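Try each one before you read its solution.

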Amino acid sequence: MSKSDGNYKDVLRVENFKGKFVAREFIESQCGRLTEQLKNQEFDPKPFIRTFESLTEELLRLKRKLQSKIEDQEDQQQALENASKSKIKDFGDMLDSVNREFESLDSRLTEVGNTAIRIGEQLETIDKHRTKAAEAKDVIQYFSEFNQGSFQRLDTLRRSSRDGEYKAAIIARRLNAIAKEVDVPGTENARSNIEKYCENLEKSLLEAFDTAYSQGDIDTMNHVATTLIDFNGGNSVIQAYVAQHAFFINLLKIAQQEQEAFSENMRTKENTRDGLMRLYDEIKQAVTNEWDAIYRIFPNPLSVMQVFLQRIFAQSIQNFLEIILQQVPQDRKLDFLESLEIAHSETFKLVSDLHKFDETKVTSDMGSSSLTLIINRSFEDLFVPYIDGDRYISTEREWMQENFQICLEPFNAFLQYRQKALKKFGKSAQLSSPLKTTPPAGNVMMASMFNTLQTTMNTVSQMSAELSNQLNAPVTPISNPMDPDANGCPTFQTASKMIEYNAMSINRAKQLSHPQDQPTDICRLFKDLIEHLGNQYLEIALDNTIEDLGHQDAKAEPHFDHLIVAKIVNQTIQLIQVHFRAAVLPHLLNSPTIYREIVNYKNDFLSRVEIKLNTILSTDLSNVKNWLEGLLGKLKKTDFKPKDESVILNTTCTPTCEKVCQFLVHIKEAADSALEGRNHDIYLTEVGTSLFTMLADQMKRYPVNYAGGCQWTTDLSKYHEAIAHFNVETLNEEFDILKELGNLFIVKPENLKAVIREGHLARLEFEVLQPYLVLRPDWSKLSKIEKDLFKI
């Protein structure tokens, strides 16, 4: 074992367990020799047991050794940590002590500094008092000298240098202030001499400034300006600089040229705009160039620039606007409004450019923009004489209302004529007939309407002459019978023109009205449009149409002129809606109260118009139905049960059918020309459905023979052909049923059951078909069983 122990000691060293240690490799290395020796022998575990026991003992011994060494090192480390903590605590105590001493020193230094500041302030105060005392002494001496009439010493100081001149100006300012406040007997001479000296000093400085200005001497101008500003505020030198500027002379020439052009009746929107643009280009160029000079000359460039801009607006621009606006004749409101709009628009562009100049150049030089208020105030003051209060909007409304009245003159003339004629001749006069100027070629209904127009106008002329003679007062005849407005029919052209005038006024109001008043002004303008276009034009035309419809001759075929009125009114309403959404509504969204007011006002108008349109269409449909009933009422029993069947079989359709179909053609043409979309289809559907009901009732009234049944089928085919032109699917189906009902009169008895069970008739109850079946000539010959078979 001793040998083995020695080997194990060599193997079981601490160094061998450092790094990467694999237990399996270690065991294999220790058991490899034993495995070779016992390779060819029977396995004996005892050598391996002894080997592992020796290794285990040696490993335990090594572990105890290492554990002892670790504990020793931990003890040493703990001792070092304790020593380190003790040193750190000592250092902390030393640092706290140093901080306390530093704070104490800082407190003492602060006290010393405060003391030094107080001493400095006291010294500064003493120095100021000394300086003021010295200055007061000098002022008193100067005042005494001026009282004695001597001011040579101050003149000597003024002429010594620029700095002396500046000091002399300051002394003169103080002397002048004292002279105004001191009222002591014996100082009158001093007061008089000081005032004269200040006047001469200011005059001398202004002369020096004018000389330097003419020579372009910026340094001298800056010195004089600075001196005068500290002497008396500098108003005189600022006014002198602005007044003699060549820019204002050039603007005066431009204004004279424009005035000459306007006086020669050369005024147009284009030359007004061109004149303003030339003027404003000069102004923008002058402001840009002048700022650099003002910034170099004056110590207060912003104040000087404000005076310069005020002079531009109050003198140059104001004079130019007076030339443009005040020379417009009072009866030419449109010229005035257009000129005012152009002037305001172009001036606003100038103001925007001046704001950009203020935000860029002035802000860059001065650190902030300071011209905004004076620019805005000058801009507002320019147009106060023209747009303040209700001045602008009153003129705008007057112009718009005058143009509305011009548009409505033919229509109003007709209304006056109608009123006088109806007063004389009563409701039978039939004056209000909406008309077209020329009938379309090939249009039978329009040709008839045109002929009716000629007859009506002749009658109107006769009544007009008679009324004039009886009343001994001339009645103005309708000047142009072909003018729809002159005959009481509104036109889309007139409505469009009125809406166009309103749009022009609203566009100007957006430019000229004050932002706070803009919603109210636009609301008033739109109400004016509804009042004239709606209440005084469209609604009156609708009322007249309704009145005339109620007095149509029941014995005459209904005409459809009133549908033209409905079409024009409907198109105008759509245009008003588009105009409201595009031109009015966007400017009222921020004013909920006004928005609700104008929307309710518009909706009330639309509701009234819609009610009247519905009344027209309802009355028209009623007249159409009555006429159709009258035509169908002319049918006779013999029409469908002729004695001579050979004659009826050779004819086409009944005269009544011809008249009804021709009337349907008139209805279709009128609907196509006057109605659109869903209204068109509903109108034709109502007419077709009414005719279907009438024909279905007529077919149940009269017994038929075979020839009469053929007559029915011929007529029904003609009706179906006429209705097919309506292009309404539901009507086609209804008249298909009528055709199949007509077939019930002509089919053979053996085929009757098949006809009933096929096509559209198969969907009808037998009770519906029975009234038609009983009219067959052979129905009574059928047995009860055969009749009952049809019910199954």
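A polar contact is a pair of N or O atoms within 3.5 Å; within protein, one must be able to donate a hydrogen and the other to accept it, and residues adjacent in sequence count only if both atoms are side-chain atoms. This is a predicted model, where local features need pLDDT of at least 70, side-chain atom pairs count only at pLDDT 80 or more, and totals for chains, interfaces and linings use all residues. Residues are numbered from 1 along each chain as its sequence is written, and side-chain values use heavy atoms, with hydrogens and water left out.

**Exercise 1.** Find which backbone oxygen the side chain of Thr 363 reaches.

Solution. Start in helix H12 (residues 333-366), where Thr 363 sits; helices are DSSP runs of H or I, at least four residues, numbered from the N terminus. From there, the Thr 363 side chain gets to the backbone oxygen of Glu 359, at 3.3 Å.

**Exercise 2.** Classify Thr 494 as buried or exposed.

Solution. Buried means under 20% relative accessible area, exposed over 50%, partly exposed in between (1.4 Å probe, protein chains only). Thr 494 has 9% relative accessibility, so call it buried. Its side chain also makes a polar contact of 2.7 Å with that of Thr 491.

**Exercise 3.** Classify Thr 363 by the accessibility cut-offs.

Solution. Relative accessibility comes out at 25% for Thr 363, so this residue is partly exposed.

Technical notes
Helices (H or I, at least four residues) and strands (E, at least two) are DSSP runs, numbered from the N terminus.
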